Amino acid sequence: MLDIGVQLRDLRFWLLALLPVCLLTCVLGLLFWAELGDAIRGEDYPPLEELIFQKVELSPEGFSATVFNDGPNPVTIAQLQIDDAYWSFAADPVGAVSHLGQATLTIPYPWVHGETHVLRLVTSTGATFDHEVAVAVSTPKADARFLGIFTLIGLYVGVIPVAIGLLWLPFVKQVGRKGLDFLLALTVGLLLFLLVDAVHDGFEAASRAPGSYQGIALFLFVALAAFVGLEVVGDRLRRSRLTAGMVEGSGWVLALLVATGIGLHNFGEGLAIGAAFALGEVSLGMVLIVGFALHNTTEGLAIVAPLANEKVRLGQLVQLGVLGGAPTIVGAWIGGLLYSPIWSVVCLAAGTGAIAQVVLQLGRQVVGGAPFARQMTSRPVAAGLLAGVVVMYVTGLVVG
Amino acid sequence: MKNKGHPKIRPLSRRAWLHLAGVSSLSGPVVLDGQDVKVRSHQGLKVEPDRLGSAMGVVGKVSTEFFDPTCFLRSWNFSDLPPTERARFYRETPRANGTLLREYEFFAVDRDVEIAPGVFFPAWTYNGQVPGPTIRATAGDQMRIRFVNQGSHPHTIHFHGWHPPGMDGSLSGHQVMPGDSFLYEFEAEPFGLHLYHCHASPLKRHIHKGLYGVFIVDPPNESARVPADELVLVLNGFDTNFDAENEVYAANTVASFYMEEPIRVRVGQLVRMYVVNMTEFDLINSLHLHGMFFDVLRTGTGLSASESTDTIMLCQGERAILETTFRYQGDFMFHAHQSEFAELGWMGMFRAEERPGA
């Protein structure tokens with residue numbers, strides 16, 4: 001009797017959970033069945049068409065474009081123009097592109113090196129969707145040479161500048177309390193600037209991503225997730241060190257976290273460079289390389305600043321450098337090979353969250369136990385913050 | 001001339017013409033080696049000639065079920081319809097003075113027309129086609145056009161030519177409301193090449209949506225033009241995304257149609273083209289014929305040519321009769337000499353043959 005009673009209660013429990021779901025399903029079914037949309041809009045409502053160019057590759061044979069349907073209705077690409085001229089193409093798959101579906105268009109075309117070309121799709125309803133190849137150059141192919149070049153770019157942008165920055169460690173160890181405060185504050189300033197920059201890049205990428213993926217929300221929440229994730233990891237690391245009896249070493253954990261955060265951020269940078277190449281914007285890619293290389297030297301400083309009072313072995317320093325710099329290489333590979341607007345939003349968001357977390361960590365370090373307002377307005381800290389922001393702004397300005 | 005005899009240059013195939021038209025300007029020299037056309041490319045372009053040749057132009061074919069541009073070329077007064085069907089739209093009755101009373105049934109109707117393969121334009125049409133049916137009379141004939149508006153907007157028919165103001169179809173009082181009808185009646189004058197179009201407001205939209213057609217008035221019988229192979233060519237464009245620019249240009253509506261289905265003419269026979277420019281948004285349009293010259297009779301109101309050229313320019317509503325005789329057998333391209341229009345569909349081909357269909 002008791003068993004049956006329990007079972008009944010269980011059943012009731014699950015029924016109560018499922019009842020609203022069932023009702024909702026019925027309502028939705030009814031909406032589709034009754035074609036309520038048509039009732040509201042009236043018959044003969046023009047279809048909403050939205051196509052987005054995801055990737056355009058240039059080869060000696062012509063263009064290859066991946067197009068994504070971001071609208072609610074299927075879209076048939078009927079014709080294609082290049083620079084106001086109809087041109088033949090092959091679509092794969094053939095036929096209408098469904099909601100969230102994509103098609104790859106192969107277009108044999110004698111494009112002109114270094115000049116601008118505009119691709120325009122004409123759908124069956126006559127709607128048009130454009131994509132500009134700002135500077136036409138061959139898209140790098142995914143071969144060994146390509147990977148080699150991107151590795152080199154990653155080294156130049158990520159690893160080498162960060163490593164150079166790490167060489168400030170002996171200096172950092174000798175600057176004293178005020179000097180260290182200044183350096184840490186400088187780092188916070190640098191990273192704050194990077195944070196603003198990253199948010200801007202993220203929003204930009206989000207606006208380029210198909211609307212269906214709700215780019216801004218995706219960006220913000222992935223950034224939040226990365227932030228919280230790193231907080232948890234940092235907390236665990238610190239606790240495990242404490243339980244292991246290593247009282248000293250909070251600086252090492254912080255440096256590790258900073259390196260991780262910067263690494264995630266650099267991954268996003270690598271992605272941006274790779275994507276710039278993938279989208280046929282090599283000239284932009286070059287600007288990014290120089291800019292990132294300059295910026296990233298200061299990142300090395302950010303990593304070693306918390307290590308002022310620590311004993312650091314060379315191996316550890318290498319470890320930090322790899323953690324902070326090497327993700328750039330991976331990012332460049334992925335950006336160049338598998339570019340998609342959505343993944344670039346996700347990666348930029350992860351980098352942004354990481355930077356925010358690092359800023360917070362360093363801020364805590366700067367403040368120490370002192371009241372926040374007093375410490376922040378101390379002369380070395382205020383000067384450091386300001387200097388950090390100015391350095392980043394000026395390097396950005398110089399690089400363009 | 002180091003070689004003995006004549007250099008072996010074969011007549012260019014149509015494909016070869018495509019190479020020349022679509023490629024030579026972009027990719028440097030075209031070499032004829034007597035066997036095939038090879039395309040030398042810049043920037044290390046390695047595109048097979050076949051592939052590059054087919055690269056220019058639209059993809060696929062339009063359905064000619066509702067509108068056949070080849071049929072449209074040589075049809076007037078509904079001559080494209082079978083006799084019983086034709087009688088519903090066109091009747092001619094002799095009059096005491098030797099001229100004819102010509103009665104037409106016109107209706108306006110909304111219809112999606114295929115202007116390039118797979119691209120459907122939501123047109124406003126006369127009798128379901130763009131351009132509307134060509135009407136043709138002899139100077140002095142009495143014209144009576146009953147117009148029924150089955151469309152969704154007010155429309156009119158505004159004919160170019162002599163007529164009293166009440167027959168002008170231009171003022172707001174002249175608009176024929178959806179479901180209403182009107183009888184246009186006037187004498188066909190002067191002889192020449194004219195046009196008709198809707199003059200309801202906003203004018204620009206009513207014209208670019210497709211409400212226009214050709215109105216030919218032949219000279220009186222005593223001064224009739226010499227017999228010829230006569231062709232109607234309406235230069236038009238379509239703004240498919242409504243940005244006040246045309247995405248498709250054509251002669252007789254369908255982009256690049258005559259590239260796939262060349263206009264067949266006979267070598268040595270006089271060809272008379274009735275060319276009317278109805279292109280909206282662009283200031284002018286033009287026609288250029290390859291490999292030959294033609295005589296121009298502007299507006300067709302005279303009997304002798306005013307110039308001999310291979311390229312004419314026409315503003316909207318301007319028209320000209322062009323006369324020429326094909327001297328050589330083979331394919332001759334014709335297109336707008338605004339390259340942009342040509343590459344957006346206003347490009348076609350004549351195929352001159354010793355005997356038609358040979």
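## Helix α3 against α10 in chain A

In chain A, α3(A) packs on helix α10 (residues 327-337) at an angle of about 140°, and the two axes are 7 Å apart. The model is a predicted one. Angles over 145 degrees would count as roughly antiparallel and those from 65 to 115 as roughly perpendicular, and α3(A) and α10(A) are therefore oblique to each other. Their crossing is right-handed.

On the α3(A) side the contact is made by Phe146(A), Leu147(A), Phe150(A), Thr151(A), Ile153(A), Gly154(A), Leu155(A), Val157(A), Gly158(A) and Val159(A). On the α10(A) side the contact residues are Pro327(A), Thr328(A), Ile329(A), Ala332(A), Trp333(A) and Gly336(A). By class, the contact of α3(A) with α10(A) holds eleven nonpolar, five polar and no charged residues.

## Helix α3 against α9 in chain A

Helix α3 (residues 144-166) of chain A also packs on helix α9 (residues 314-325) of chain A. The angle is about 140° and the axes lie 8 Å apart, which makes α3(A) oblique to α9(A). The crossing of α3(A) past α9(A) is right-handed.

In this pair, Gly158(A), Val159(A), Val162(A), Ala163(A) and Leu166(A) come from α3(A). They meet Leu317(A), Leu320(A), Gly321(A), Gly324(A) and Gly325(A) in α9(A). The contact of α3(A) with α9(A) divides into six nonpolar, four polar and no charged residues. Gly158(A) and Val159(A) are listed in the contact with α9(A), and Gly158(A) and Val159(A) are listed in the contact with α10(A) as well.

## Helix α6 against α11 in chain A

Another helix pair in chain A consists of α6 (residues 215-243) and α11 (residues 341-367), packed at an angle of about 45° with axes 7 Å apart. That angle makes α6(A) oblique to α11(A). α6(A) passes α11(A) in a right-handed crossing.

From α6(A), the contact takes in Gly215(A), Leu218(A), Phe219(A), Val222(A), Ala223(A), Leu224(A), Ala225(A), Ala226(A), Phe227(A), Leu230(A), Glu231(A) and Gly234(A). Facing them in α11(A) are Val345(A), Val346(A), Leu348(A), Ala349(A), Ala350(A), Thr352(A), Gly353(A), Ala354(A), Ala356(A), Gln357(A) and Gln361(A). The contact of α6(A) with α11(A) has 16 nonpolar residues, six polar residues and one charged residue.

## Open sheet of chain A

Chain A has an open sheet of four strands in the order β1-β2-β5-β4, with antiparallel pairing. Its edge strands are β1 (51-59) and β4 (90-92) of chain A, each pairing on one side only. On average, and with direction ignored, neighbouring strands of this sheet are turned by 20° against each other.

Strand β2 (residues 62-69) and strand β5 (residues 102-108) of chain A pair in the antiparallel sense over seven bridges. In that pairing, Gly62(A) stands opposite Pro108(A) in β5(A). β4(A) and β5(A) also run antiparallel and are joined by three bridges. Ala90(A) has Thr106(A) in β5(A) as its bridge partner.

Chain B contains eight helices and 22 strands. Of its 358 residues, 41% are buried. Among the contacts in chain B with a separation of 6 or more, 68% are between residues 24 or more positions apart.

Five strands of chain B form an open sheet in the order β14-β22-β21-β16-β19, with mixed pairing. β14 (263-266) and β19 (311-315) of chain B are the edge strands; each has a single partner strand, so one side of each is left without a neighbour in the sheet. Neighbouring strands of this sheet are turned by 25° against each other on average, direction ignored. β14(B) runs parallel to strand β22 (residues 347-353) of chain B, and four bridges join them. The bridge partner of Arg266(B) in β22(B) is Glu353(B).

Key. Residues numbered from 1 in each chain as written. Chains lettered and ligands numbered in written order. Predicted model: local features only at pLDDT ≥ 70, side-chain atom pairs only at ≥ 80, totals over all residues. Axes fitted to C-alpha atoms, helices over the stretch in contact; angles between N-to-C directions. Helix = DSSP H or I, 4+ residues; strand = E, 2+ residues; numbered from the N terminus. Parallel < 35°, antiparallel > 145°, perpendicular 65-115°, else oblique. Left-handed = near helix turned anticlockwise from the far one by under 90°. Contact = placed C-beta atoms within 7 Å. Nonpolar A, V, L, I, M, F, W, Y, C, P; charged D, E, K, R; others polar. Buried ≥ 20, exposed ≤ 12 C-beta atoms within 10 Å, placed from the backbone. Pairing = 2+ DSSP bridges.
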